[in-house]
Each structure stands twice: as structure tokens, then as C-alpha cells.
Amino acid sequence: MFNYDFPPYRPPNEASSALIRASRGCPWNRCLFCTMYKTLKFQPKSVEETKKDIDTAAKIYKGMKTIFIADSDSLVLKDIDKVISHIKLRFPDAERITSYARAKTLMKLGVDRLKKIKKAGLTRVHIGLESGDKKTLEFMQKGATPEEMIAGGKVAKEAGLEVSFYILIGAGGKNRIKEHAVESARVCNEVNPDFIRLRTLVVQRGSLLEEKMKSGQYKPTSPVEKLEEVKTFIENLDVKKCELASDHFTNNIWLDNAVVYRGVYGILPQDKQDMLDIINQTLKLLSVAEGEILDATILYERGMIHSL
Ligand code: SF4
């Protein structure tokens with residue numbers, strides 16, 4: 001019987017990866033929309049403790065090619081390169097080793113330190129950009145400005161790491177749909193990430209955002225508004241060799257009981273028009289629909305989705 005401390009959260013595309021927990025929780029932990037680590041105080045793990053987990057995980061995931069390091073910002077750890085080197089040692093077949101990272105942390109680490117971390121074996125960072133709109137980031141208490149997001153993304157790229165940006169559709173609420181879409185595209189254009197991943201905001205029970213919503217300070221967008229927002233975002237993107245994915249079910253839109261939209265996928269810039277065509281077709285379908293248009297927020301409110 002194997003026993004090791006693996007993380008509760010990982011990006012959707014790391015679902016099949018070996019999961020290594022180098023720290024517990026989030027050193028920031030203030031974002032309004034996030035409930036992931038609210039009951040947990042950030043705890044760095046010792047290198048020795050994590051090495052034992054890596055040794056155990058290597059027995060379970062023999063020959064694993066992809067490894068994900070958690071929790072939310074483990075690159076803040078002084079000895080993270082030792083952890084990554086041990087992952088390389090125990091997973092000699094690993095082709096991809098990735099971690100969540102806050103843009104501000106990357107910015108503070110700087111190119112030289114990130115190059116050392118890359119040399120140890122890290123290949124990609126998953127960054128929660130959420131929005132490129134200054135006011136939206138401030139409202140959501142993300143703890144970074146758009147310019148800091150750009151600086152963090154750029155420094156990671158300069159160090160040779162792949163950058164995966166997460167955009168939170170709906171983050172601007174009804175009042176900042178356009179600003180959120182246009183400014184998020186601007187930040188992506190400045191950094192030219194390797195991946196852009198869309199995830200739609202669902203206001204979770206018990207989140208700080210729920211309080212803001214109840215007091216009228218945050219007004220959630222409708223499924224059609226979310227789709228319009230994705231359209232504006234993609235229209236404003238000017239990136240190269242960038243894979244865009246909507247790899248989370250929160251992006252789905254239902255018409256009555258049928259899923260009529262599963263998000264857009266493609267390589268930019270060449271697939272841009274195809275993605276816009278899919279969105280326009282869906283908007284047309286929804287504009288003449290007689291049924292009920294639903295998204296994950298509505299299903300969650302009705303108790304039809306329990307886990308996000
Ligand atoms: S979204 Fe990320 S940075 Fe913000 S509180 Fe959650 S884990 Fe921390």
C-alpha cells in the first residue's frame with residue numbers, strides 16, 4: 001500500500017500526470033472567486049518530505065512522461081530546483097514537468113533564477129492571468145497588475161519556459177465585459193504565451209465573490225454575454241504559435257438538456273476564423289432559440305453541479 005501527499009487541485013490537462021505536492025496551499029490566498037485553499041494556511045514542505053513523496057509516486061507512476069508540481073505557487077520555495085532535480089532523477093522518462101506559478105512570483109524570481117529552475121527540469125508554468133483588465137484584477141483581489149502579469153509571463157518565456165495563461169471568462173461581470181476581453185487579449189499579445197486556456201467563472205458558495213454578488217457589487221454575466229466576451233477576446237488576439245483551449249466543462253452552454261457549445265480549440269493565428277465561426281454560429285442558434293439557455297453557473301445555483 002502506497003501513501004503519499006498528493007495535491008487536491010491540478011490543471012485539467014494534467015489530469016493524467018503524476019502529481020507531486022511541494023507545498024500546501026496558496027501564499028496569496030485572497031482572490032475573491034477562489035475557494036481552493038481558503039481553509040489552509042500556506043505551508044512549504046521540506047525538500048526531504050517532498051523527496052519521499054517523489055520516491056513513492058515514482059513506484060506508482062512507473063515510466064510517467066508528465067509530472068505536475070503543486071500546490072498553487074511552489075516556485076516560491078527556496079529549494080524548488082532540488083525538488084525538480086529529484087523528480088528528474090526518479091522519473092527519467094519525464095518529458096514535461098510543470099507547475100502553477102503566480103506571475104508576481106515569476107517576476108520576482110527573475111530570468112537567471114528561472115533559468116536555473118528550468119535547467120533543473122521544469123518545462124512549463126501555468127499562470128492564472130484571469131484578466132488583463134486592471135480594474136477587474138483589483139476587484140478580484142488578484143494581487144497583480146496587468147503590467148506585472150506581463151512582466152511575469154515575459155520573464156518565464158525569456159528563461160525558456162513554456163507559458164500557459166488561464167483566462168477567467170466572466171471575471172469582469174456585466175460592467176466590464178468589453179474591457180476584460182480587450183485587455184486580456186492585450187496582455188496575451190504582449191507575452192505571446194504558448195497556451196491560452198479558457199475557464200468560465202462560476203460564483204461558488206462560500207466564496208468572497210458570492211458576498212460581492214449578493215451585495216450587488218458583482219453582476220454575473222449571462223451565457224450569451226460570456227460567449228460575446230470570448231468572441232471579443234479572440235478577435236483582439238494577435239499571438240503566434242499559441243494553442244487556445246477551452247478545456248473545462250464550465251465553458252459549456254446548454255440549450256435545455258443539450259450541450260450546444262463546448263468551447264473553442266485551435267492554434268493561433270491560423271484557426272482564429274474557425275473559432276470565431278463556431279462562436280457566431282452558436283450565438284445565432286441562441287438568438288432564435290425558444291428553449292432555456294443554461295451555463296455552469298445556472299446549473300450550479302440549481303444544485304445540478306456539485307463539484308467544479
Ligand atoms: S486563484 Fe490562485 S493565487 Fe488566487 S487565491 Fe486561488 S490559488 Fe491563490
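Predicted model: local features only at pLDDT ≥ 70, side-chain atom pairs only at ≥ 80, totals over all residues.
**Salt bridges and a domain contact**

Is D295 buried or exposed? Its relative accessibility is 3%, and buried means under 20%, so D295 counts as buried. K226 is buried as well. As for the strand itself, strand 13 covers residues 293-295. Leaving aside residues up to four places away in sequence, D295 touches T221, S222, P223, K226, N252 and W254.

On to another pair. D247 forms a salt bridge with R197, with the closest N and O atoms 2.8 Å apart. D247 lies in the loop between strand 9 (242-245) and strand 10 (253-255), while R197 is in strand 8 (residues 195-200), so here the pair ties together parts that are 50 residues apart in sequence. Both of these residues, D247 and R197, are buried.

Now for a pair within a helix. K134 forms a salt bridge with E138, and the closest N and O atoms are 3.1 Å apart. How far along helix 4 are K134 and E138 separated? They are 4 residues apart in helix 4 (residues 134-139), which means a separation of about one helical turn. K134 is partly exposed, with a relative accessible area of 48%.

Why do such pairs form at all? Side chains of opposite charge can pair when their charged atoms come close. In total, the structure holds 25 salt bridges.

Let me finish with the domains. The domain assignment gives domain 1 (1-100) and domain 2 (126-308). In the contact, 15 residues come from domain 1 and 19 residues from domain 2. The C-alpha centres of the two domains lie 26 Å apart.

How many salt bridges are there between domain 1 and domain 2? The count is 0. On the side of domain 1 that touches domain 2, the residues divide into 8 nonpolar, 4 polar and 3 charged. About 1500 Å² is buried between the domains, and carbon and sulfur atoms give 64% of that area. Strand 5 (residues 96-100) supplies the largest share of the domain 1 side, 3 residues.

Terms used. Residues numbered from 1 in each chain as written. Heavy atoms only, no water. Domains from an automatic or database assignment. Contact = heavy atoms within 4.5 Å. Buried area = accessible area lost by both parts, 1.4 Å probe. Salt bridge = Lys/Arg side-chain N within 4 Å of Asp/Glu carboxyl O. Helix = DSSP H or I, 4+ residues; strand = E, 2+ residues; numbered from the N terminus. Nonpolar A, V, L, I, M, F, W, Y, C, P; charged D, E, K, R; others polar. Buried < 20%, exposed > 50% of the residue type's maximum accessible area, 1.4 Å probe, protein only.
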